[in-house]
Amino acid sequence: MILDKLADATRRRVEALKAQTPPEELKSRALAMDRGAFPFEAALRAPDIAVICEVKRASPSKGVIAGEFPYLDIARDYEKAGADAVSVLTEPDYFLGHPDYLSGIRAQVGLPLLRKDFILDDCQLYESKLIGADAVLLICALLDTETLKSYIGICDSLGLSALVEAHDAPEIRSALAAGARIVGVNNRDLRTFQVDLGNSVRLRPLVPGDILFVAESGIKTAEDVGLLRRAGVNAVLIGETLMRSGDKKAALRELRGMA
Ligand SMILES: O=P(O)(O)OC[C@@H](O)[C@@H](O)c1c[nH]c2ccccc12
């Protein structure tokens with residue numbers, strides 16, 4: 001199962017990170033930063049469905065998506081195209097990402113940034129703050145309810161928003177019990193890589209209206225976005241479809257049904 005491989009690779013990265021900088025130092029540097037006003041959550045409360053545009057070079061299910069990868073241009077194009085937030089894959093082994101992509105984009109783009117990675121250790125939360133993230137992904141399949149709760153507490157102390165990813169009803173219950181304010185439902189089953197937008201539609205009613213709901217993965221057309229909008233989803237997270245489009249502005253207008 002791909003998640004096990006990702007978790008193993010992540011544990012090795014965590015050890016390297018800790019060897020490079022003592023965790024106490026990461027923590028104190030991160031806590032010394034401005035806490036901010038949770039701009040990622042504010043962006044998701046847009047009147048219409050919000051669109052989080054993802055900077056993604058490759059994935060385990062699709063292989064290399066973008067051979068050429070001018071990530072700064074891509075993020076700037078998303079901003080010019082009217083994205084509400086940007087998601088940046090920083091996982092190096094399977095997604096060919098890097099933390100430097102996020103810090104580079106932070107320096108040039110004003111939108112709220114989500115760090116997309118596999119968080120297994122609190123030092124990665126401090127690292128996320130230090131590289132300029134406004135939000136992090138926490139995956140229910142990797143973290144039990146107690147750990148989620150403690151990580152959300154650390155995120156709160158840093159001014160980071162937590163997008164808590166679930167893919168079934170028990171994981172949604174865990175996210176809510178942990179105090180998630182943003183729940184993401186992955187439409188891609190990580191065991192089979194099959195995509196089913198019906199997953200978000202079916203699980204939407206399990207999340208109370210005051211909690212933000214993000215539909216993730218496999219969103220390709222204005223019809224897809226329309227279906228999710230009608231289901232009461234607050235935001236969609238779109239990677240591959242936008243990465244493959246030459247004209248981000250036209251693609252985003254089209255997806256929003258404004259073409
Ligand atoms: O490229 P897509 O199918 O539009 O999907 C984007 C995003 O949802 C996907 O990259 C994703 C969702 N959850 C994740 C967890 C880890 C890494 C990546 C992801």
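Me: What makes the strands a barrel, and in which order do they close?

Reply: Before that, a word on the source: this is a predicted model, where local features need pLDDT of at least 70, side-chain atom pairs count only at pLDDT 80 or more, and totals for chains, interfaces and linings use all residues. Residues are numbered from 1 along each chain as its sequence is written. Now the barrel: 8 strands close up in the order β1-β4-β5-β6-β7-β8-β9-β10, with parallel pairing. On average, neighbouring strands of this sheet are turned by 25° against each other, direction ignored. (Strands are DSSP runs of E, at least two residues, and helices are runs of H or I, at least four, numbered from the N terminus; axes are lines fitted to C-alpha atoms, for helices over the stretch in contact, and angles run from 0 to 180 degrees between N-to-C directions.)

Me: How do you know that β9 and β10 pair?

Reply: Two strands pair if DSSP finds at least two bridges between them. Strand β9 (residues 212-216) and β10 have 3 bridges in the parallel sense, so they pair by that rule. Glu-216 stands opposite Leu-237 in β10.

Me: Why is Ala-75 called buried?

Reply: Buried takes 20 or more other C-beta atoms within 10 Å of a residue's own, exposed means 12 or fewer, and partly exposed is in between, with C-beta atoms placed from the backbone. Ala-75 has 25 such neighbours, so it counts as buried. Ala-75 belongs to helix α4 (residues 71-81). Leaving out residues up to four places away in sequence, Ala-75 touches Val-55, Val-86, Ile-105 and Val-109; touching means C-beta atoms, placed from the backbone, within 7 Å.

Me: What makes the phi of Ser-217 stand out?

Reply: Most residues other than glycine have a negative phi. Ser-217 isn't a glycine, yet its phi is positive, about 80°. Ser-217 is in the loop between β9 and α10 (222-230), and with 27 C-beta neighbours inside 10 Å it counts as buried.

Me: Which residues are closest to the ligand?

Reply: 15 residues surround the ligand, and the closest are Glu-216, Ser-217, Leu-237, Gly-239 and Glu-240. A residue is near a molecule if its C-beta atom, placed from the backbone, lies within 6 Å of it. β10 (235-238) and α11 (240-243) each supply at least two residues of that shell.

Definitions and conventions:
Two residues are in contact if their C-beta atoms, placed from the backbone, lie within 7 Å.
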